[in-house]
2 protein chains.
Amino acid sequence: MQEKVKSWTTEDLNNMETRYRASFINSLGGFKSVVLIGTEDREHQTNLAIFNSLIHLGANPALCAFIIRPDVSRRHTLENIEDTGLFTVNHLNEDIYVKAHQSSARYPKEISEFDATGLNVEYLNGFSAPYVKESIVKFACRFVQKIPIELNGTTLIIGEIVNIHIPEIYVESAGFVDIESAGTITVSGLDSYHKTQKIARLSYAKPDKEPEKI
Amino acid sequence: MQEKVKSWTTEDLNNMETRYRASFINSLGGFKSVVLIGTEDREHQTNLAIFNSLIHLGANPALCAFIIRPDVSRRHTLENIEDTGLFTVNHLNEDIYVKAHQSSARYPKEISEFDATGLNVEYLNGFSAPYVKESIVKFACRFVQKIPIELNGTTLIIGEIVNIHIPEIYVESAGFVDIESAGTITVSGLDSYHKTQKIARLSYAKPDKEPEKI
């Protein structure tokens, strides 16, 4: 590699135009999980919002978490989760990513992003937060904890995974879910969507041996 | 799609064998950011560890965060960050993912994962935490805050991004970094590594118009 490497300091970041900096810094996080989070308010008005900060927090109990930014549009998701204690997480695929992206537009609260984007509501197993019908891998969460991050007004929401729906053919014998075959996609930066192409799975790492492809 | 969908409840999760559940629940998070985090202790002993929970927290100030699990191996990273206040974040690419994966083996503290895996240390711009020389997109962080998550003993580490190094050709005019062209890869589950293939970038979403490919 003889590519010329450029370096940026804090001062360079401070001097960037706001949108340029947002795009640049968002790119540094690598490829990120991108999901649609479905909620309802107390009057069963549905809401759907796209998030690119979902993380795995633990397997026992099964916990996930994501960051809600302090803007008005995302507040509806936060309010609904606090009011009802429930949300769904729905993976994106290539058939729905444009509609999913559109859910980030600032719709007023009385308009459901399901209606605005044309994605379909689905209710499963009596869980009263809405799923995205077109999503292949999806699960339901019970709200467990909210952690305010005072540094920048964001909020970490933690949920316990209580119900999971996946076509059986994508679940392999040792519990691995082949989300690539299920069509799940990923995002980079704020707005760049990507399919994936598997390189390999690697065996559990031990000090005295090289990882093997499994 | 006529694939048979299977559902799992909390009880089903409780009945899973530990490793099966870990693999299954880790798969639900979608494609995740996977990075190597480089640190040093006070005696300049280097440490390198792989993490798949990096998230973007904010652009101004430029903040990222990741989860450290309560196991011994990862504790070295946490101790070093608390002792020195510094760490580096290094994207993975196809040339180094096997060595990067190997860094997750439980080496004793006196063995540096740089030496054990054959990845090379690099110091840049006087920053005293070690970078991975073979990583193409990388940045330095100053430790800002530690948030203990008492639910399961994990810890959220927040860093301010203070120095960034990227080959200039991958930075586009509006601040977007083409990390796919830079060779950055992603992970699913605990151990499945994937290249990406861009579908499209989409324009900023507004209520009154469809997103456009940009």
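Strands are taken here as DSSP runs of E of at least two residues, and helices as runs of H or I of at least four residues, both numbered from the N terminus. The model is predicted, so that local features need pLDDT of at least 70 and side-chain atom pairs count only at pLDDT 80 or more, whereas totals for chains, interfaces and linings use all residues. Residues are numbered from 1 along each chain as its sequence is written, chains are lettered from A and ligands numbered from 1 in the order in which they are written, and side-chain values use heavy atoms, with hydrogens and water left out.

Strand β10 of chain A (residues 138-149) contains A:C141, a residue that is buried, its relative accessible area being 0% (buried, under 20%; exposed, over 50%; partly exposed, in between; 1.4 Å probe, protein chains only). Beyond its neighbours within four places in sequence, A:C141 is in contact (heavy atoms within 4.5 Å) with residues including A:C64, A:F87, A:F127 and A:I161. By contrast, A:T154, 13 residues away from A:C141 in sequence, lies 20 Å from A:C141, C-alpha to C-alpha.

A:F127 is itself buried, with a relative accessible area of 12%, and forms a tilted aromatic pair with A:Y131, at 6.5 Å centre to centre and 50 degrees between the planes. Rings of Phe, Tyr and Trp (its six-membered ring) pair if their centres lie within 6.5 Å, planes under 30 degrees apart counting as stacked, over 60 as edge-to-face and the rest as tilted. A:Y131 counts as buried, at 0% relative accessibility.

Over all chains the structure holds twelve aromatic pairs. In one of them, the ring centres of A:F51 and A:F66 are 4.9 Å apart and the planes stand at 65 degrees, so the pair is edge-to-face. This pair links distant parts of the chain, 15 residues apart, with A:F51 in strand β4 (residues 46-51) and A:F66 in strand β6 (residues 62-68) of chain A; both residues are buried.

Three cavities of 30 Å³ or more are found in the whole structure. On a 1 Å grid over the protein atoms alone, a cavity is a set of points where a 1.4 Å probe fits but cannot get out, lining residues having an atom within 4 Å of a point; points are joined across faces, edges and corners, and a volume is the space filled by probe spheres set on them. The largest cavity holds about 50 Å³ of space, and its lining includes A:N52, A:I55, B:N52 and B:I55. Strand β2 (32-33) of chain A and β2 (32-33) of chain B each supply at least two residues of that lining.

Note on methods
1 Å grid on protein atoms, 1.4 Å probe; cavity = no way out; pocket = protein on both sides within 12 Å on 5 of 7 lines; lining within 4 Å.
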